[in-house]
Amino acid sequence: MMTFNDLPEDLVVEILSRVPAVFLARLRSTSKRWNTLIKDGKLSKKHSSNAPRHSMAIVLIDHKVYSVRSNLRGIHNSVAPYVNITCHFSLKEHLSNNYSTKVDIGHVFHCDGLLLCTTKDYRLVVWNPLSGETRWIQPRFCYKKDDCYALGRSSCNKYKILRQGRLINPSEERYVYNIVGEDLVINNSQERYEYEIYDFNSNSWRSIGVITGLFNPNITSGVSVNGITYWFDISEQFLLSFDFSTERFGSESLPEGDSHLALSVTRQGKRLCMLSTNYTYVTGTNVNLWIATKTSENTRAMSWSKFPILRGGVGLRYRCHFREGVSFFAYQVKEKIVVVSCHRPNRHSKDIIHIVENDKFIELDHHGAKPTHELSPTTRLLIYVPSLVQIQHGI
């Protein structure tokens, strides 16, 4: 009797290319053959074309990445929602002889199933948790504490890393302003930031220019949508973008009247969304969700749809949940928008993940990992779309 192992490899690849990536991950540990096949480039290319996209949430807590399992489907039928933080994704230390040594992660950025991680000691690594593939990125000169990074994809499906480094000495300004649009005004009195691109094919960094702090992206708030990275500028009045195909910044105004807190993506990772608050004397602090709609072909201006999610004011106890450092994701449940937010622990609770829906703030006593104390590093919740995409290897 023929078994699955007896099938021709081409047929196996065709079958597996239609299986969601999250289920393929479970096969890696069953045999060496499965592990090798999942890492194979032939399956990776077919899988990106054939398989449905299934997203999941992940969270960074105390320098470790965890998966977030939630059940919100019954929230409108008085079924209590739950969130479980479990399944620690282990990033192995490549410098240690002990392969079980884990790496502490300081910051994480997601693009197309790849995680760009800055370690606690400021090193840089690109990691696919699904396949286990990693690539440690060497700096042009040295790692710096203040350096920030983002990962993106060009129109020809080539991945690149953007580095932002602050220039302390004016004599370090070695490059021309060639990456800002005509609408960005250069002010010589502003702090200056140098930008470099890491090319995976050449395995090297190259400078692309210097811009002033006036339009400095708050790069730690960045998210990637369809390969383009978006940030708030430092004043949170503009939405900045970086196109990895043209290697240029763009900017446009944000909706007026709100204080903009955080950027995220929709559950499938295809649309940009934003969390904001506004304050009136009558209603107090209200919370809004904005979802980006199609971009104008002529002006490339982005339009937004507004969804009020918490009206009538935020109580004093919960006001700290909607401040700088909050992260979130949103999706639709039976024509209602549900926002799952994450914030730092406080004196009231170490529970960091909560739900906002239908003008209600729902505290969750979630299970699994939690920050160890109130002064734990900032937590970050984000949507992760597992894939078999391979990290490009250069010369």
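**Exercise 1.** Which residue in E9 is the bridge partner of Gly-152?

*Solution.* The structure is a predicted model. Begin with the two strands concerned: strand E8 covers residues 148-153 and pairs with E9 in the antiparallel sense, over 6 bridges. Strand E9 itself comprises residues 159-167. Within this pairing, Gly-152 has Lys-160 in E9 as its bridge partner. Finally, consider the hairpin of E8 and E9: 5 residues lie between the strands, and Asn-157 takes a positive phi near 60°.

**Exercise 2.** Determine which residue of E10 stands opposite Lys-160, and state how many residues of E9 are buried.

*Solution.* First, identify the pairing: E9 and strand E10, residues 192-199, run antiparallel and are joined by 8 bridges. Next, locate the residue: Asp-199 in E10 stands opposite Lys-160. For the second part, a residue counts as buried when its relative accessible area is under 20%. By this criterion, 8 of the 9 residues of E9 are buried, and the strand is mostly covered.

**Exercise 3.** Explain why one side of E4 and one side of E7 are left without a neighbour in their sheet.

*Solution.* Write down the strand order first: the open sheet has 4 strands, arranged E4-E5-E6-E7 with antiparallel pairing. Strands E4 (105-111) and E7 (134-137) stand at the edges; because each has a single partner strand, one side of each lacks a neighbour in the sheet. On average, neighbouring strands of this sheet are turned by 20° against each other, direction ignored. For E7, examine its pairing with strand E6, residues 124-127: the two run antiparallel and are joined by 4 bridges. Here Val-126 has Arg-135 in E7 as its bridge partner.

How values were computed. Residues are numbered from 1 along each chain as its sequence is written. This is a predicted model: local features need pLDDT of at least 70, side-chain atom pairs count only at pLDDT 80 or more; totals for chains, interfaces and linings use all residues. Side-chain values use heavy atoms; hydrogens and water are left out. Buried means under 20% relative accessible area, exposed over 50%, partly exposed in between (1.4 Å probe, protein chains only). Two strands pair if DSSP finds at least two bridges between them. Axes are lines fitted to C-alpha atoms, for helices over the stretch in contact, and angles run from 0 to 180 degrees between N-to-C directions.
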